[in-house]
Amino acid sequence: MGLFSFFKKSDKIGQENTIDSKDLLGKVSTNKGDNRDVVTKLSFHPEWDVPQEQKYIFNFLANELEPLKPNQLSLSSISIEDEPRTGKWLVRAFFRSSLAEAIELGEIELFIMDKNDELIASKKFDFKALGTIPAESARPWVFEFEKSTIKVDEVPEDGWKIAFNLVSLRGHQLELDPSWEQQLPAAQKEELAKIVNTLPKLGETEVNFTGLQAKLEDNGNLNVSIFIRNGHNKAINLEQLPLEIIDATGKQIAKGSFTMDPILTVQPNSTKPWTFIFPAELVDAQQADLSRWTARVTQ
């Protein structure tokens with residue numbers, strides 16, 4: 001398969017990213033009392049015809065791997081080779097499983113993080129290419145990150161790691177501020193979660209504001225509850241938020257700027273509901289039609 005030359009005698013095992021298999025596979029049968037150390041055995045793709053010298057290198061590297069606990073999946077970083085002609089990175093790693101049964105996986109997004117845990121590359125891989133992974137095994141692989149998936153100009157220094165994008169694995173979810181968490185009854189939390197699940201899927205770098213509830217108070221204030229939706233793989237922090245509210249007829253019925261103190265944080269791949277109160281002097285509610293309405297961030 002033309003990849004054996006990518007693994008060299010000078011290679012060493014680097015950082016490791018280990019997750020509980022249930023984060024990726026859902027429920028996994030396990031003996032809760034089983035806390036033994038699992039030494040993963042070297043496993044080659046069945047289509048590989050590995051030269052003897054390369055077997056020696058693979059065995060040497062596999063012997064450096066730390067034991068896992070039962071029902072874990074792991075990516076063990078080895079090295080990165082920059083391909084000057086194309087700009088792609090050839091990232092060498094072991095994919096390891098301490099499950100008691102063989103597994104075959106689908107599409108998974110992987111990150112490359114530098115020594116400061118800053119994201120420097122990301123790409124989705126079809127793990128079917130790795131074949132069936134035997135129980136309690138370690139399979140060497142080369143993950144190719146094309147130039148378009150890389151966010152920096154140079155290969156990282158020591159301390160980098162290849163890692164699972166757990167945010168994408170868990171799917172988009174509702175995030176409640178502690179004040180909402182304490183005040184809302186369980187039924188309302190469940191209803192909010194259901195609404196979040198019905199909203200259109202966000203783009204990977206999209207931030208979206210979706211109206212939830214609007215109410216005109218007797219004193220002229222307008223209270224609007226909005227879903228702040230974050231499609232990024234990193235949290236966003238909102239310090240200042242200029243908003244306008246447009247009613248069903250297209251009329252602007254409120255406009256103002258809100259200072260968030262403390263800063264409002266929305267976690268990665270999450271939706272957080274928040275309520276904004278427009279004081280009466282910023283509201284034009286005459287003949288307002290709130291049967292449908294839109295919240296927009298203004299410039």
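## Pockets

Mentor: Let us begin with the second largest pocket, which is lined by 14 residues; I78, S79, D158, G159 and W160 are the ones nearest its centre. This is a predicted model, in which local features need pLDDT of at least 70 and side-chain atom pairs count only at pLDDT 80 or more, while totals for chains, interfaces and linings use all residues. Residues are numbered from 1 along each chain as its sequence is written, and side-chain values use heavy atoms, with hydrogens and water left out.

Trainee: What makes a space a pocket, and what makes a residue part of the lining?

Mentor: On a 1 Å grid over the protein atoms alone, a pocket is an open set of points with protein on both sides within 12 Å along at least five of seven lines; a set where a 1.4 Å probe fits but cannot get out is a cavity instead, and lining residues have an atom within 4 Å of a point. The volume of the second largest pocket is about 200 Å³, a volume being the space filled by probe spheres set on the points, which are joined across faces, edges and corners.

Trainee: Which residues lie nearest the centre of the largest pocket?

Mentor: They are K201, L202, E204, G231 and N269, out of 23 lining residues. Two or more residues of this lining come from each of β6, α3 (166–170) and α5 (186–198); helices (H or I, at least four residues) and strands (E, at least two) are DSSP runs, numbered from the N terminus. The volume of the largest pocket is about 500 Å³.

Trainee: How do the residues of that lining divide into nonpolar, polar and charged?

Mentor: Five are nonpolar, 12 polar and six charged. Ala, Val, Leu, Ile, Met, Phe, Trp, Tyr, Cys and Pro count as nonpolar, Asp, Glu, Lys and Arg as charged, and the others, Gly among them, as polar. The lining of the second largest pocket holds six nonpolar, five polar and three charged residues.

## Buried residues

Trainee: Why is I246 called buried?

Mentor: Buried means under 20% relative accessible area, exposed over 50%, and partly exposed in between (1.4 Å probe, protein chains only). The relative accessibility of I246 is 6%, so this residue counts as buried. I246 belongs to strand β12 (residues 236–247). Beyond its neighbours within four places in sequence, its contacts (heavy atoms within 4.5 Å) are K251, Q252, R292, W293, T294 and R296. The C-alpha atoms of I246 and T294 lie 5.1 Å apart, although 48 residues separate the two in sequence.

## Strands and rings

Trainee: How do you know that β5 and β6 pair?

Mentor: Two strands pair if DSSP finds at least two bridges between them. Seven bridges join β5 (residues 107–113) to β6, and the strands run antiparallel. E109 is opposite K124 of β6. The two strands form a hairpin with five residues between them, and D117 in the turn has a positive phi of about 65°.

Trainee: Why is β6 described as largely enclosed?

Mentor: Six of its eight residues are buried, so the rest of the structure largely encloses β6.

Trainee: What makes F95 and F164 an edge-to-face pair?

Mentor: Rings of Phe, Tyr and Trp (its six-membered ring) pair if their centres lie within 6.5 Å; planes under 30 degrees apart count as stacked, over 60 as edge-to-face and the rest as tilted. The whole structure has 11 aromatic pairs. For F95 and F164 the centres are 6.3 Å apart and the planes at 75°, so the pair is edge-to-face. Because F95 is in β4 (residues 89–97) and F164 in β8 (residues 161–164), the pair ties together parts 69 residues apart in sequence. Both residues are buried.

Trainee: How are the rings of F125 and F145 placed?

Mentor: Their centres are 5.1 Å apart and their planes at 65°, so this pair too is edge-to-face. F95, F125, F127, F143, F145 and F164 form one aromatic cluster.
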